[in-house]
Every structure is written in structure tokens, then in C-alpha cells.
Amino acid sequence: MNFEEEIRAHRDLDGFLARASILLDETAASLDDVLKKMLRHVGQESHTAEPSCNFEEVMSILFTDAAAQEVNEKAHSFVLSDDVHLLSETIQGVTATATGVQYQQSWLCILCNVKSLQRRHVCISRLERPQNWGENCCEVRYIILILAPHKMKSTKTAMELGRTFATIFSDITFRQRLLETKTQEEFKEALVQQRHRLTINNQKPATVEEETDPHSHKPLVDFLRAGRGIYEDLCRRLPLYTSDFTDGIVGSNKTILKYITTAIFLYIAILLPAIAFGSLNDESTRGEIDVQKTIIGQSIGGVVYSLFAGSPLVVPLTTAPLAIFISGKQPRFDLPQICISLVIVPHSTTSAPLCWRQSVLTEGCLAVIRGICDDYNLNFPAFYACIGLWNSLFLILGGIFNVSLLMKLFKRSTEEIIALFISIAFLGDALKGTIKIFHKYYHTPQLLNGSTAEVHRLTAPNGTGSAGMESLVLCTRERPVLCLLLMLGTLWLGYTLYQFKRRFIYVFIYLFVCFFSYKTLLYCIVLYCSFISNQYKFPVFNFYKREIFIVAPFNLLSPLSVLSAMGLGFLLALLIFIDQNIVVSLTNAPENRYPLGPANRCCSFFCLHRRLGFNLKMCVCVCVCVRLLKGTAYHWDLMLSGFINILMSVLGLPWMHAAFPHSTLHVRQLAYVEQRVEGGHLYETIVSVKETRLTSLAANLLIGVSVLLLPVPLQWIPKPVLYGLFLYIALTSIDGNQLCDRMALLLKEQTSYPPTHYIRKVPQRKIHYFTGLQMVQLLVLCTFGMYPLPYMKMIFPLFMILLLPIRNNLLPKIIEAKYLDVIDAQHM
């Protein structure tokens, strides 16, 4: 128990001092008699009264079934053996030496969970002379008896309370001072003094953080050392460049199968979002940036990034924040009263059947940049390229002047707000696409004058307009409902495979389910759609047969237009700077640490004994951990993103940067993971990670080859499947997000709280205050990023920057800085 950090340790001791049950110089010699007197003392105290508890029955609970059997054999005399190994649960101190483990035999902590108790009780007894009660308890002088109800918060259990007093009594000097106390007040004063010593001794000196840490406290004067950060990044990464291609391929520890399955997983994980965002950009830009350009841009940018980036595990992609930045005027419609116009085309004018179409009653999707071009009569490709070039210039300057050092101001809580915002953006895109489908197909079609009589006449079997029905396909309600089921089915199948893969212990089945879940999901959905597409035609993305690479005509822009593009380019650079560095930081997060072999030692401080008819010992272990071994290159990667976006802008391809959660999922697929149990809660920890460029390079090359699959068969993928993919990404990306975990605490009982580091070290009220403040920040960020005003979305990167002073300057005035630092720390 760390008294300097864990608030529960102080509260446990304060609760005991307020209702202290202390027996000094106890003359009883047997363990049975000592425990009886301690229980009797607890029951007789007025402040510890438990009317519903029979302390005589508690005596039998303290011992195992073997002891109860011995009692039955000696029913005429309730006498138990003085062997502590018959106790159900105890804590005893141990000391690791060069020759082995030595038990601290002068004290013993006995734990007991009793259903009928209302609250916790602690009783300490100091024996008049040492007693011999069996092996490893040859000179017991202090007995700590802890009673607790069964259902308690994870930090208030008998075990946690025992950890507090075991930490105090593990000091031999303190135990010697307790022998000199004469009264209970002196005894309690000695406890207070020992707590003060433990608090001071446990204070850790400031350690020098790694150069690769984005939160390392470098002086701001480094901003003036142009190119210094890039130079250090290259010096750190270039010596390991060859190993990025050979690790897992050459040598004894080969993982070729893992690389192949990860590359296929990454290919599917990149291709489907590329199609989805390409379709979204196609609607936003009126076909200027379509699916084909998105796939080609992804392949080019991904190959360049995987070859030259300092963080090869990071996956670049055109992402939801970029789509939000360029998406503008959203359709405004009233769902309860939607009117859809009927467009009737004579049979002689077309050879293909038509359907009911949306009228000009609602506005179409219009990109902000496209809207500016329309408002001011600007050429879209030229203005788009100009904004991208300004953005690239700012990114390159940011890499040269070490602007990534500002990442030290980004705390974990800030990163998780932005990460959750990205997940909500995926969810919002899926919902908006589904609403459009329902808006177009579900409601009863009407004429422009609002009448439905003419529609019924045209659709009647013997109606006068039956001859024209060959050119019409009515929008039935089955189609949107089926699209909804298809989207939810995609989500269900993907998440089922995501959960299903964790339950396999056979290697080959695990690899298939784990790494091919995306591919299995896609194939199942496409095969299903092929069977029903003859009856119901699902909406699909558009495909244009035209020249792909068109250099932007900059000569069509005036100097004033070029200057105005600088402001948009600066806002875009802020967005890419934040996302790029946060994703690299999350990829290199301490969750991706793993123990070093030579440094992995078991440092047992307490030994917990749980006896269920046999002896079982469990030691608390501490492991020395490191980050991903090859380090990162924040400054170089930022500048590389600028160079990539120069090419994207000039050729009219979508901008791209490091993507979340694809980058962290890439790390997980290359990691060896094992499951561990702590406090009854199961969690996963990474044992090792294969750091390679091959998987990302192969996946992006396959993306480029996928252009040959356009329009068939990729166009067979209906839009509801892409919307289901958005939901799948949104759901799986919140796994491990501490903000979501703390939001879930608001709905849980205290007894089900997990034993996380902040639960142990921060008062519960402070945790909920901080979570509420984070939720307010997230709500405001979502308002700026998703509100359908044309130009509001353009300034939401500024609010993302404002999260920094809110966390570093405003929140410490509301909640103590020490608690904020604990919540933002990692679980060790």
C-alpha cells in the first residue's frame, strides 16, 4: 500500500482511529482464546454494535472446513488447535533475501468476510509475551483481526483494509516502538507517526523521462533550435531501419504467419473505411473526390508513409475528423413530416426504370469548401489544392521548429476526449447515412402539391397510368428496413467475431477468427446481399469513368483567394497536428509495454494465504516495463505528413494523417497478448510487439491493386454495410478508453468497481467531478464538430486546442492537481 498516493490508506487508518478497538498486553496464550476475546471486545463496544451479527458464529467462519471438522470431533469442548494454517485467510509479511524468503513472524493479519455485518471492523491485540502458533508463526506478538461485509467496494474489502495495516506493521522499528506504548492513546499516536513516515518515504524523486515520450518536459527554448527534433528522430530511427524489414523474417523467432494475417487484416481494415469515406467525400464535394481517388490516394500515401515514417506501426488514412472538417451544410428535414416529390419520366425517354426521387424541398449535402467555391465563384480543385498546400507548409514548419514538443501539454484525459469524439463522429456518419435512406424510401411518396390520390391512381392495377409504370419503381418500406437490418447485422457479426476471438485456445482457430474477422464479415455480407439484390436494390457508392490524376489549375485563383486559403490551411494544419501526434502517442502508450526478460523479478512484499483445505500462497509481483523498443519520431512524422499532403493536394486526392483506431488495432494485431486476473477482474496485457514495416507496406500495396476491382465487385458492397462498419469501429475503439470506463462507474454499484489505480488513489467524488467535466468538454466539442451550420465546423480545431488550457490551467482550480495527475497516469 502506497501511503503517499493511495487515499484509501489514510481513510482506512482514520476510520480505525475514530473507533479504535485495541487490546494491550493480552494474557491469553492460545489462538482460540485470543480471537474469542477480540470478537467479544468488538461486540461489546457501543460504537461497533452489530445487532444482527452473532460473533460466536464468526469464530467458525475464521477457520477452514478442516478446523470445523476438528471442532465437531471435540464437540464437548470448543477448543481449536493453535495452528494458524487452519485460519481461512491471513496476510503475513515476508522479506526476500539472497538465500530465500523469510517470514516476519511477530505479527499476523487475519481476514474474515461476514454476510451479516453492516460495516467493517478492525481490532488489534498486543500479546503480553510472544506465542508459538505453528510454522512461520513462532513468536507472534501482534494480531490484527479484520471483519468486513461480503458486498463492499473493491477498495473497501477486507483484503484492501488488510493491505493498509500490513504495510504499517511490516516495519520492525515500528513494531518495536509499539512495545513501549502504555496506553491506547500512545498506541494510536504511534500509528499516526508511522503513517507520516510512510507518506514521506514513499515520495518518489522526479525521474528523467525518455526522449521519445511526447510528454517529456523539454524546455520551450528548443522551439528555436530548428531541425533539432528531426535530427534526433533520424539518429534514433535510422540505425533500426533495416531491422524494420528483417525482424520476424530472419532469425530464430520467425512470425511470417502473423505478418501475413496482419497484412490481410489491415488491408480489409483500411479498404472498407476508404470506400466509406470516399463515398462520404463524393457526396460532400459533388463527385470531385470520389471512392476511386480515395483508394488511390490511400495506396500512394500509405506506401510512402510505411517506407519512410519513424513510426511504421501508425496507419495513415483519411479520417472522420477530416470528413467533418470538409463536410458542411447538412440536409435539414423534419422526420415526422417528410415530403418526397414524384418525378415521372415518360417511358419513351429512357430505357431504364426510374424511382421516386427526392425533391428540392431539402438541401443536398454540400461541402464547406465546395460551398465557399460556389459562393465566391472559385474553381474547386484549385482552391482545394491551395488549402492543402498551405496546410502542408504549416505541418513542415511545425516539424522543423519542434512544435510537437507541445504534446507535453496533452494529458491522457485530453487525448481520450478527442479519441471518443472520433468514435462519436463514426457513429454520427452511420446514423446520418441511415436517416437519408429512410428519408428517401420509407415515407409515403407525394406529388409537389401534397396530393397522394394521383399516386394511387398511377399505381393501381387498372389505373390509367399503368402503362407508365414500366418506367417507375416504387420506393417500398421494405428497402430501408432491410438496410437498417443489414447495418445492424454488420455491426452484430463484426462485434461477435471481435468477442469470439478471445475465447479460443487453439492457435489456428484463434488466428483465423482473430485476423480474418473483417474479411469473414465482408464476404458474408456481400454473399447475403447478392441473394436479395435482385428484389431490393441497395444504395451503393458512385463510380465515374474519368481521368484520375488532374493537376490543379492554380492560375484560375486570384491572389486574394490564395491568401484566404491560408486561414483554412492553418485550421486544417491544427487538426492534422493534433490527430497525428495523439495517434502516435496512443500507439506508443504504456498499454503497449511489455516486461523485459532480465529485469523481470518477483518482489514479494506480503504473502497472502487463502486456505480451502490446502495451502495456497500468492505473491504480489512488480515487473519492470518499457515502451515499444524502437521509439518514435514525432517531428519527422509530422513533416512527412506535410510532404504527403502536398502530393495529395496537387493531384486532387483526399488529405490523410495518422488514423485512430486503425493504428492501435495494428499494434494489437502484431502483439502477443496474455490475460491476467486482478481483484476478480480479467484484463489483457501485451507481452511483446513485433515492430515491422512489412505489414503496412503490403496492405497499402494491396489497396492500390484494389483499384482494378472497381466498379465490380467492390460496388457490390452496399452503403448500409459501410455504415455498419462505422458502428463497428466506433464500438471497438472505445474499448480501453478510461473516460468510458469512468462514465460506466456512474451506473455501477460500488461493489463492482474495478481495482484501477485511480479508484485506489482518488476520492470517489473527485473522480465523478472530473468525469462530469470531461463529458461537458466532449459535448461542446461534438457541438462544434457536428452542428449543421456551414462554417462552424471549420473552427472546431480551435476548440480542440482550447482543451489544453482547460486541462492545465482551469481544472486544477476545481480539482486538486495531485488527483488530476493520478487520473491521467497509467495503470501500473
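Predicted model: local features only at pLDDT ≥ 70, side-chain atom pairs only at ≥ 80, totals over all residues.
Visitor: How do you know how much of the protein chain is buried?
Guide: Of its 828 residues, 53% count as buried. Buried means under 20% relative accessible area. The chain has 29 helices and 16 strands.

Visitor: Why are H20 and H22 called roughly parallel?
Guide: Helix H20 (residues 559-587) and helix H22 (residues 662-669) pack at about 20°, with axes 9 Å apart. Angles under 35 degrees count as roughly parallel. H20 and H22 are therefore roughly parallel to each other. Their crossing is right-handed.

Visitor: Which residues make the contact of H20 with H22?
Guide: From H20 come Val583, Leu586 and Thr587; they meet Ser663, Thr664 and Val667 of H22. By class, the contact of H20 with H22 has 3 nonpolar, 3 polar and no charged residues.

Visitor: What makes H20 and H21 oblique to each other?
Guide: The axes of H20 and helix H21 (residues 634-650) cross at roughly 135° and come within 11 Å. Roughly parallel is under 35 degrees, roughly antiparallel over 145, and roughly perpendicular 65 to 115. The rest is oblique. H20 and H21 are therefore oblique. This crossing, too, is right-handed. On the H20 side the contact includes Ile576, Phe577 and Gln580; on the H21 side, Tyr634, Asp637 and Leu638 are among the partners. The contact of H20 with H21 holds 5 nonpolar, 5 polar and 1 charged residues.

Visitor: What makes a set of residues a nonpolar core?
Guide: The residues are buried, belong to the listed nonpolar types and are joined through side-chain atoms within 4.5 Å. The largest such core has 107 residues. Ile275, Ile295 and Phe383 are among those with the most contacts inside it. H20 supplies the largest share of this core, 14 residues. A second, separate core has 30 residues, including Ala20 and Cys109.

Visitor: Which residues is Ile295 in contact with, leaving aside its neighbours within four places in sequence?
Guide: They are Leu271, Ala274, Ile275, Ile703, Val707, Leu710 and Leu714.

Visitor: What makes the peptide bond from Leu710 to Pro711 cis?
Guide: Its omega is near 0°. Pro711 sits in the loop between helix H23 (694-705) and helix H24 (719-733).

Visitor: Why is Asn377 called exposed?
Guide: Its relative accessibility is 72%. Exposed means over 50%. Asn377 therefore counts as exposed. It lies in the loop between helix H13 (368-376) and helix H14 (380-400).

Visitor: Is Asn402 buried or exposed?
Guide: Asn402 has 3% relative accessibility. The cut-off for buried is under 20%. Asn402 therefore counts as buried. Asn402 is in the loop between H14 and H15. Its phi is positive as well, about 60°, although Asn402 is not a glycine.

Visitor: Why is His150 called partly exposed?
Guide: Its relative accessible area is 46%. Buried is under 20%, exposed is over 50%, and partly exposed is in between. His150 is therefore partly exposed. His150 is placed in the loop between strand S6 (140-148) and helix H5 (158-169). Not counting residues up to four places away in sequence, His150 touches Asn113, Val114 and Lys115.

Visitor: How many residues apart in sequence are His150 and Cys112?
Guide: They are 38 residues apart in sequence, and 9.1 Å apart in space, C-alpha to C-alpha.

How values were computed. Residues numbered from 1 in each chain as written. Heavy atoms only, no water. Axes fitted to C-alpha atoms, helices over the stretch in contact; angles between N-to-C directions. Helix = DSSP H or I, 4+ residues; strand = E, 2+ residues; numbered from the N terminus. Left-handed = near helix turned anticlockwise from the far one by under 90°. Contact = heavy atoms within 4.5 Å. Nonpolar A, V, L, I, M, F, W, Y, C, P; charged D, E, K, R; others polar. Buried < 20%, exposed > 50% of the residue type's maximum accessible area, 1.4 Å probe, protein only.
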